[in-house]
Every structure is written in C-alpha cells, then in structure tokens.
Amino acid sequence: MTKPSLPELLHTAVTAVGGVERPGQVTMAEAVAQAIDDGSHLLVQAGTGTGKSLGYLVPALAHGERVVVATATLALQRQLVERDLPRTVDALHPQLRRRPEFAMLKGRSNYLCLHRLHEGVPQEEEDGLFDPFEAAAPTSKLGQDLLRLRDWSDDTETGDRDDLTPGVSDRAWAQVSVTSRECLGASKCAYGAECFAEAARERAKLADVVVTNHALLAIDAIEGAPVLPQHEVLIVDEAHELVSRVTGVATGELTPGQVNRAVRRAAKLVDEKVADQLQTAAEGFERLMELALPGRLEEIPEDLGYALTALRDAARTVISALGSTRDKSVQDEDAVRKQAMASVESVHAVAERITQGSEYDVVWYERHDRFGASLRVAPLSVSGLLREKLFAERSVVLTSATLKLGGDFNGVGASLGLPPEGTVGTEDEDVPVWKGLDVGSPFDYPKQGILYVARHLAAPGREGSRGDMMDELAELVEAAGGRTLGLFSSMRAAQAAAEELRGRLDKPILLQGEDTLGELIKNFASDPDTCLFGTLSLWQGVDVPGPNCQLVVMDRIPFPRPDDPLMSARQKAVEEAGGNGFMAVAATHAALLMAQGAGRLVRATGDRGVVAVLDPRLATARYGSYLRASLPDFWYTTDRNQVRRSLAAIDAAAKAATAQSGGAKSGDERADETRAADV
C-alpha cells in the first residue's frame, strides 16, 4: 500500500471534524511538514478561520515522531484533546495504519492530591494537621466545595481541576492540591500508586502527542529537570503569548506574608535559635517593605541589601536544619517538613537571586491596595533562554493569528531569540534556521470590515478625562445600535466609559469585573443591544461571531505604561545596544495587542463591522503606519460621517435579517454554525 500524501490526509481529517478545507490550511500543513523533515523552524501566521490546529496536527501525526503541542489557553487545550485529536486520529487510522496516542499534561497543582484530601493540610499555628472538612462548616461555601471535592475524587479518572464542573474557589482547591515543591514524591507517599499527577505523567510518556501549556513548557526549559517527555517536534500555538508566559514563570517575588508563612511552617521543625534567626530576618524585611515605594531599583539600596542577605543566610540555615532533624511528635511529619522546606527554599532562592545582582535581571517594588508591597525580580530578556532551550535540539513550529508585525516576522523572532530571517550561521556560530510564512485568512477583510481612526480627537494624555472621546464613543455606539465591544487600556478607563454611557444611552453596558468573564461574554453574545466594556482579557478572549459584535472600539493605542519597570528596562537596554527601544518594545507590545483586539471583529465569513480607534496618533504619528500594517487589511478611513453611515447600514441590515429569520439566534447557536471554520 502506497503511503498517503499529505493533501489526502488533510482532506480526510478536515472532513472528519466537519470543517471546510482552506487554501491557507493546505499551505500551512505543507510548510509544517517541510520544517519537521528539515529539522528547521517555522513561524506561521494563520488568520482566524484558517483551521490552523489541523494545519499542524496532520503533518505532525503523519511524520510519526513524538510531538509536544503547547497552548496559552485552556480553551484551546480542551478543543485539541476533546475534539480535534480524537476525530483526527480516528479518521487517519486506516491511512496511517497506526493509531497515535495523545495525552494532556499540566503542572502538578492542577491535579487533586489524594494525600492532601485524606490527610489534610499541614497546620501552621500548632502541631498536628488541619482537617479542612472538619473545620469548614458544611453550610459554608468552602465547606460545600470541599465536600463536593471529596465526592468527586471517587468518580474522576483524571483528578484534573478543569474537569470539575462547576468549578471551586482557589481557596478550596488549595486545600486539596500541592505544588511540585510540596509533593512528597510517589515513592514516599502512601497514595503514590493512585496519584493523578503521576498517572498524567505516565500517560504523557506513552503518548505520541502531548498537549500542554506555555507555563509547563517554560518550567521544563528553565528548571533543568525535565517535566515533559523527550520529543522531536515542538508546536507552540497562540505563540504571541509565549514570551510573556515564560517571563511570568521566570519572575521571582518576595512579600512579608510569604516570608512569615515560611517562618511559621519551619518553626516547629527546627531548634529555637535557628527559627529565631529567620524570624528576626523576616521582621527586618517586613519593616523595610512598609516604606517601599513602587518603582524599579536600578541599584539595590544598602538597607534592602542587608535585609535580603539576612533573609538568605537565615533561610539557608533553616534548610540545613530541616534536612538533618526529625521530630516524631509531629503528625504526618514528611508532609509538614516538605511544605516547610518548599516555603523556605522559595524565600532563599529569590533573596539570593536579588543579592547576587545579575545585570540580566530587573528588580522593582510593587504596591497593591489589598495585598501590600512586594519585591519582584524578572529577566531583562528571555530571548537567550528561549534560543538556547527551545530551538537547539528539535524542530519548532510557532503559530498564531498575530506574529507578523509591521509587515515582517523579525520583531517577534527577535523576542524569541531568533536572528533576522535568512541569517546563515558560520563555522563558529550555529544559528537557528527559520522562516516566516503568512498563510492569510479565508475572510475578505477589505469588504467585511472598516478600520476607522478618529483623527479629529485630541491625543490622549496620561491623566484626565477625555470628553471628546466620550462624545465620539457614544455616537458610534448609538449608530451601531449597541453591538459594541469596548477595549480599554486600563480598568479605570473602562469603568469611566461604562458609567458615562449608562447615563447617556438607553443600551445595556456590561463591565468586566461585574460578573464572571464567561457570563459577561455569554450575555453580550445573546443580545444585539448590549455592549461589553473591559480591559486586557477582552482584547484576546472574546469569540462572538455574527451580528451581535459589529463595532470594536479601542480607546487608545495600548502602549505599556511608562512606569512599567520591566518594559521600560527592556526599552532602555535596546537603546543602549544602539537599537530603537520604543519600536522594539513599546510599539511591538502595542501592535500585538491591537492585532488581537481587531481580530475580535470578524470571526466568520458573514461578519461585517467597524474597528474604531479613538486615538489620532494611529493616523498622525510616524509609528502609526507600523501599527496599521500589523492589523487585518480592513478598508481604512478617518471620515467620521462615513463611518456613522456605515454602522447605521450594518445595524439596519442585521435587524432586517433577524426579522426575516423570525428572531435572533443565541450566541451559542451562531458560534456552532461558524465553528467549522476554526478547526
């Protein structure tokens, strides 16, 4: 029997999942197959509706080597494991003459810990164990959650928190889960043979395709101890998120609360003198943090240096003592000791990292109204780490709807540690070989959407109200008949706009934070009169095909805040190296967010609408053309009257279509009808 061709396999898979084959999907699949065969790397931009998940799954399955697929969001992980992979594997089985196995793998704290569930959480104030099931009243929300978790533990096959419906609070989950540092290890745990996290790792070792998240991929790269099984191909979906997720994993934090928790956990296990040393260091650190002002610390102040050195040394002494003493009077000593060790090691690691003072780290104070002050340290760049750990020993495919910024892939490539596209290595230096590919979108952006820039408005300042912007926003929403997703650069701006328009317009205005995100999006999708206003998670997390989202408004270009310590440090570093820090950092950040935000408008072939940017700098500033080149190729105008007429016409057409069909369909029904375009 001859080996089936890639187009044949792709056609079979697309048919099996009920999708529609797209030219861009075929081009993508062929490019992915080529990169895997060559051992090279590929950045591929595939617009919404291209069907990119099958565009990479089919060539990866056909190749036959083990592949890891890392995504940024839970929604895509579930789509891959519950829908795309089962159907694709079943469909391709006859042609491949094998049935590839697949599995999902997450960090340990995502799985129910049977030891915690049955033995309880080590108590911090006195000896013994805290039994959350005894302490939490069954009538309280926490008590009800814990009882439900105990019942669920008998039924679940995975122990995966995301398989529990409805979910439970973070507080409840913390009672029945452990971090990797707190885990006793399967060989020392009475429940090791039944452990859900260990079972997930065993399934991953046997699987041909392992689906994971960016955070676990980062941990695998940073920590040295492999978490993921050996693999020959890595596919990073939602790759525009990778740098920020890796940065998050590589960021350390110290707070007074965290240090005091470490003191309490260790005190019962070490002698009084050792415990007092850590207690004294903790008190000195806490006094200092009470006076901390937000901002970057380009040099560590002398008093902070002393406090961190005292913390580091005291933590090291406690770690040695914890490793060499035993106390049989402590109930479930191994668990208590492991939790204490994890807490103290975390304090030691961050204190030592900051006192060492690497030129590649950025250190700053943050102050939160509710949680107080924290000291944070993050890498100035993760590009070197990614280049060394990601691209050295395997073929890597990175894909997203937004990777090509300002007309090429080099900006995103540089953030990932890649040289400019086409760079050839020398005998002395082996550089990763990669290429960028834009397979386009099945949507006709110039006919389906308008990009409107309100050039006549005053440029937004740092503070103060924008009365002219509010007038413009109200007029646009009225012309659109509601149907508006408002994307704001800050929560304060979103709240101000919601308050203003609720007083001006007879339209429901939903505001992020007033309900769960899922519920807000569901309500927005179900009512054409409704508007939804919010900030960062809405720029990327809203998928509402159909006529109920026909106006997407951005209040201003979403540059990072000038006082953002990490972003400003990265910008300064580029400038000191002779580059353009503003374009490399601030403009790239804004371009990615704007491209994601603009992508909320057209989610299906029948969608029509307007993306309105209420910031004249997009039309007037020198960097405006770079930002516009990063957006979908909508028809562009600065004519305010034209855009109002267009919105009114789109609104009238949507109302006529609704009347003709005998009533509006729900957002879920419309999403189901258009979902085939997204596989």
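This is a predicted model: local features need pLDDT of at least 70, side-chain atom pairs count only at pLDDT 80 or more; totals for chains, interfaces and linings use all residues.
**Stop 1: helix α1**

Select residues 6–16, helix α1. Show the side chains of Leu6, Leu9, Leu10, Ala13 and Val14; these are buried. Now look down the axis of α1. The buried residues of α1 fall within an arc of 130 degrees, so they line one face of the helix. An α-helix has 3.6 residues a turn, so residues three or four places apart point the same way.

Glycine 18 takes a positive phi of about 75 degrees.

**Stop 2: a four-stranded sheet**

Select β8, β9, β10 and β11. They form an open sheet, in the order β8-β11-β10-β9, and the pairing is antiparallel. Which strands are at the edges? Colour β8 (252–254) and β9 (295–296): these are the edge strands, and each pairs on one side only.

Stay with β8. Its partner is β11, residues 372–379, and the two pair in the antiparallel sense over three bridges.

**Stop 3: two cysteines**

Select cysteine 531 and cysteine 549. How far is the sulfur of cysteine 549 from the closest cysteine sulfur? The distance is 9.9 Å, to cysteine 531, too far for a bond. A disulfide needs the sulfur atoms within 2.5 Å. Cysteine 531 is therefore in no disulfide, with the nearest cysteine sulfur, that of cysteine 549, 9.9 Å away. By this cut-off the count of disulfides comes to zero.

Is cysteine 531 buried or exposed? Cysteine 531 has a relative accessible area of 0% and is buried. Cysteine 549, at 1% relative accessibility, also counts as buried.

**Stop 4: aspartate 615**

Move to the loop between β19 (609–613) and α25 (617–620), where aspartate 615 is found. Aspartate 615 counts as buried because its relative accessibility is 0%, and the cut-off for buried is under 20%.

Which side chain does the side chain of aspartate 615 meet in a polar contact? Show arginine 617: the distance is 2.7 Å. Next, show what surrounds aspartate 615 from elsewhere in the sequence. Leaving aside neighbours within four places, aspartate 615 is in contact with Val453, Pro460, Arg466, Asp555, Arg556 and Ile557.

Terms used
Residues are numbered from 1 along each chain as its sequence is written. Side-chain values use heavy atoms; hydrogens and water are left out. Buried means under 20% relative accessible area, exposed over 50%, partly exposed in between (1.4 Å probe, protein chains only). A polar contact is a pair of N or O atoms within 3.5 Å; within protein, one must be able to donate a hydrogen and the other to accept it, and residues adjacent in sequence count only if both atoms are side-chain atoms. Contact means heavy atoms within 4.5 Å. Two strands pair if DSSP finds at least two bridges between them. The arc is that of the directions from the helix axis to the C-beta atoms.
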